Amino acid sequence: MVSALTRLLLLTCVILPFNGAEKLRKALDRKDVEYEKYNSCPRGLAGTPGREGNPGTNGIPGTPGIPGRDGIKGEKGECVSEVFEEPWKPNYKQCAWNSLNYGIDLGKIADCTFTKLRSDSALRVLFSGSLRLKCKTACCQRWYFTFNGAECTGPLPIEFIIYLDQGSPELNSTINIHRTSSVEGLCEGIRAGLVDVAIWVGTCADYPRGDASTGWNSVSRVFIEELPK
């Protein structure tokens, strides 16, 4: 059996630690109360807000984002070609004769050589001079232009006619009137380069020829000008 002394020692070992812990807890509680009693102060007024600080430095650039998706396909565009042309420069020429007095009824009267600069242009021609036709019976004469030996086909010939009716035999024998007249027109389709422009006299279709005269006692001229279409 366990002796009474042994029981007493065991009881002492169990009770004393609990008793000491309780005292220690109470002592700490007293110190907390004293600390709050002697070290706590009433709260003072709020201080003046401080000034704003200096702006911070820029941050490090972020990493590139993920590329976006492809957009919707657009409509098909039209192809437009620009043509840059040189500005148009005047190009003209005049040939003149004093008192041609050309009395032929068939053939070339005069010509004038012209340098055409472009193939896509047109030629404006003008003849001005004295013309006359006389006859005892009905007659007709035709004055016209040629280009390199051929009449204009773009669009039609450039011509001028004089027709005399039979009239009275007495007057027909004496009529001899010279009048300054002109024939003018525009001809297309002529290639660039040297162009021989000539004025001719001939007969009218289905009519007899008469006695023609060109350029009597006056100045005759041919004027040529290149024009854009």
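Author: Gladly! Let us begin with a term: helices and strands are DSSP runs, numbered from the N terminus. Cys 135 sits in the loop between strand 3 and strand 4. Please keep in mind that this is a predicted model.

Reader: Why is Cys 135 called buried?

Author: Buried means under 20% relative accessible area. Cys 135 has 15% relative accessibility, so Cys 135 counts as buried. Its C-alpha atom is separated by 9.8 Å from that of Pro 208, 73 residues apart along the chain. Across the protein, buried residues make up 26% of the 229 residues.

Reader: What makes Tyr 163 and Tyr 207 an aromatic pair, and which kind is it?

Author: Ring centres must lie within 6.5 Å, and planes over 60 degrees apart count as edge-to-face. Tyr 163 and Tyr 207 have 5.4 Å centre to centre and 70 degrees between the planes, which makes this aromatic pair edge-to-face. Tyr 163 lies in strand 5 and Tyr 207 in the loop between strand 7 and strand 8, so the pair ties together parts that are 44 residues apart in sequence. The count by this rule comes to three aromatic pairs.

Reader: Which residues touch the most other members of the largest nonpolar core?

Author: Phe 145, Phe 147 and Ile 224 do, in a core of 28 residues. The elements that give two or more residues to this core include strand 4 (139-147) and strand 9 (219-228). Strand 3 provides the largest share, five residues. Phe 145 touches residues including Val 125, Ile 158, Val 197 and Val 222.

Reader: Where does pLDDT stay under 50?

Author: That happens over residues 11-18, for which the model has one contact beyond four places in sequence. Where pLDDT is low, the predicted coordinates should not be read in detail. For the protein, pLDDT averages 82, and 75% of the residues score at least 70.

Technical notes. Residues are numbered from 1 along each chain as its sequence is written. This is a predicted model: local features need pLDDT of at least 70, side-chain atom pairs count only at pLDDT 80 or more; totals for chains, interfaces and linings use all residues. Side-chain values use heavy atoms; hydrogens and water are left out. Buried means under 20% relative accessible area, exposed over 50%, partly exposed in between (1.4 Å probe, protein chains only). A nonpolar core is a set of buried Ala, Val, Leu, Ile, Met, Phe, Trp, Tyr and Cys residues joined through side-chain atoms within 4.5 Å. Helices (H or I, at least four residues) and strands (E, at least two) are DSSP runs, numbered from the N terminus. Contact means heavy atoms within 4.5 Å. pLDDT is the predictor's confidence in each residue, from 0 to 100. Rings of Phe, Tyr and Trp (its six-membered ring) pair if their centres lie within 6.5 Å; planes under 30 degrees apart count as stacked, over 60 as edge-to-face and the rest as tilted.
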